[in-house]
Amino acid sequence: MSAPSSSNWDRRSVLRATAGLAALGPLAACGGNTGREGGGSSGKGLVQYFHAYGEAGTQEAVKRYAKAYDGARVSTQWITGTNFESKLFSSLLTDNAPDVFEFHPQLQLIRSGQVAPLDDILAPVKDDFNPADITSHTVDGKVYGVRMIDDPQFFFYRRSLLEKAGLGVPQTLDELAEAADKLTTDKVKGLFLGNNMVSTNYALVWAAGADQLNDRNEIAYHTDDVAAALKTYRKMFTSGHLLLDAPADYWDPSALVQGLTAIQWCGMWAMPVMQKALGDDLGVFPFPPAASGARPAVYNGGWSMFVNAKGKNVDLAKEYVKWLWIDRKKYQEDWALGYGFHIPPRTSIAASATKLKSGLPAEGVKLFTDYGRFDNISWTQAMITALEEVVANAVRKGMDPEKALDAADVKVDRELKKLFG
Amino acid sequence: MSTTTTRDATRPSPAEAAEAGPRKGVRGSTLSFWIFTGPFLAGLVIFVYVPIGWSLWLSFFEARYTVTPDTFVGFDNYRLMLTNGDFTGSLVTFTVFAAIIVPVTWALSLGLALMVHRLRFLKAFFRSVFFLPTACSFVAASLIWKMSVFSGVRFGLMNTVLGWFGVANTAWLADPNPPWYWLVVVSVRLWLQAGFYMILFLAALQNIPPELYEAAAIDGARPGWQTFRHITLPQLRATSTAVVLLLLVAAYQAFDEFFNLLAKTTWGRPPLVELYYTALGDDQDYGAGSAGAVVLTLLICMVTLLQGRFLGFGRRDDSG
């Protein structure tokens, strides 16, 4: 076979080839991964964003639900890493924004017109939702977002290790620090609050008898008791009794399961894995009070589904959300209980959840009911960061807590002024 | 094969060719120029100049949660960035980082190049071994460093090794006092980039005429430090200058390892990480982020000009 002569590549050939390639462009685009399956002439398409859940099988489950939907082709972006928020926020400003996405209720999304009210699809089942979930998604009488799961977060501990050390369940923050001290050995650390210690931020504030914001949306976290609790945290940090720089963070059960720590802050989602590994040698307790007269605290995290109000298919997206997260109870139950343990926000589904009726899961549900606190929709991402910086500065860096809180006040005030004037 | 040519009857006369040929040639060349450079120029305009212009425009507007703002705020965003401490702190972080990483990488890559250059066997093997990390992504390397090498638990590689000598486990990244995180950040970048600069030095070393060393030997120069100082190092001046310039630019672009190794900290944030958090991260303040980007750009321009002046990069005598 003769090799093609270079003389064949004259200017006309090059132009013809270029034109041919240009003509092939649209065809190539049809086959390309645009993230919008089924767009254009091949039918209606929706894109949904999910952060990567740690429980095995969750990604497949979401895709399975999406595939079962007849109204449109739904493609899923399963976003790994810790930059889900950044990716979501930046994409919401572009034409490639998802049509539906999971997130937490936050006022700035509503004020900037990025999420659509969902009262029309929620109305028939509104009373079946946990009232706190509805409240935490409501602004000016409109409900934004459908809660998919509630995720209480509290302490998990190894019963045998506490018994061996002659300890009961800590009843105060000081007792928690003492327990961390007594449980620490050369191989096992006493306590794991997460690698950067911000996972317990809300619980710490609540357990110190304060709140993030008051009813008038003013700063409520800056109190003497919170500053004192931060000092206790600092002592714990410098004592060497905390597990730090673990390979996986607080949301993963591996620190407790692998015997790196005796007590770990984590979410109820990890309970099945912990039970499988540790059997009955597992207990739970809430964040203990950090001030006199304060109550224990449990953070009820979770995820909700939102519809992009600036998307091209708002009505179709709402239809899909209704189909999956309101009409399909089986999927909702599967999502909440089939992989990790989450509390279904729908009362009717929670009532029939036999997996949560006894043993440790029932204890978790009780903590959720007795001490659970929900998201405040006015507490936005910038405020979340400001409070995280308080812990970074006052606990890990050693700054005076009052100064760290003052610095946060400036940032939170700025945000509040933007939102409320 | 004959190389002679015969004049074709249809071929234009020299006079005609002088008149028509160049015009046609120029037109063809122009067309080819635009075909080949047009897409890249369009890309440059769309993806570089338009964003820079847009960023400049955004920096004068209140642009929270939007990139199409309508509230003009003058220099407020610049004032905010220059007074909030986080951005200025990030410039200090960069200065510390550059002050460590530039000379250390320069010395290490030069040392590796000298070592590999003098090898008599397995030269290609060692060249590849040192160069291979360049192919690894900063994100992947950072995660390996964070989760395996510098993990704070007892089975982290560094803690295991130190444990053999009775040293207690260290939280390399969680605790800023002492600032062990610099060791992690610097070592991962060294591992990733030293091999690349080693190749540059290796190429420069191979270009030094051996006659210089022979002449020096005849004149009584001792091999080793004396030869290195008076022959090798001066001969590497142009390469060294280029390497320092590239290292400084790379230091300004530091992002991945800081972002992945130091989550939820208020320290160890170089300018790009700080701007990322301001604009794309939690704050979503594209106005302030853009103002910071403009300030950073001006700063980089100033540093580059000063560096050119002090290092003499681009001077005519460099070529000699």
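Student: How many residue pairs are in polar contact between chain A and chain B?

Tutor: This is a predicted model in which local features need pLDDT of at least 70 and side-chain atom pairs count only at pLDDT 80 or more, while totals for chains, interfaces and linings use all residues. Residues are numbered from 1 along each chain as its sequence is written, chains are lettered from A and ligands numbered from 1 in the order written, and side-chain values use heavy atoms, without hydrogens and water. A polar contact is a pair of N or O atoms within 3.5 Å; within protein, one must be able to donate a hydrogen and the other to accept it, and residues adjacent in sequence count only if both atoms are side-chain atoms. With both residues at pLDDT 80 or more, the count between chain A and chain B is 17.

Student: Which element gives the largest share of the side of chain A that touches chain B?

Tutor: Helices (H or I, at least four residues) and strands (E, at least two) are DSSP runs, numbered from the N terminus. Two or more residues each come from α1 (11-31), α3 (84-91), α17 (381-396) and α18 (401-420) of chain A. The largest share, eight residues, belongs to α17(A).

Student: Which residue of chain A forms a salt bridge with D86(B)?

Tutor: A salt bridge is a side-chain nitrogen of Lys or Arg within 4 Å of a carboxyl oxygen of Asp or Glu. The rule finds six across the interface of chain A and chain B. In the one formed by D86(B), the closest N and O atoms are 2.7 Å apart, and the partner is K411(A).

Student: How many residues does chain B give to the contact?

Tutor: Contact means heavy atoms within 4.5 Å. Chain A supplies 37 residues. For chain B the number is 41.

Student: Where is P178(B) placed?

Tutor: The peptide bond from N177(B) to P178(B) is cis, with omega near -5 degrees. In general, most peptide bonds are trans. The place of P178(B) is the loop between α6 (157-164) and α7 (181-206) of chain B.

Student: In which loop is D140(A) found?

Tutor: D140(A) is not a glycine, yet has a positive phi of about 50 degrees. The loop that holds D140(A) lies between β4 (138-139) and β5 (142-143) of chain A.
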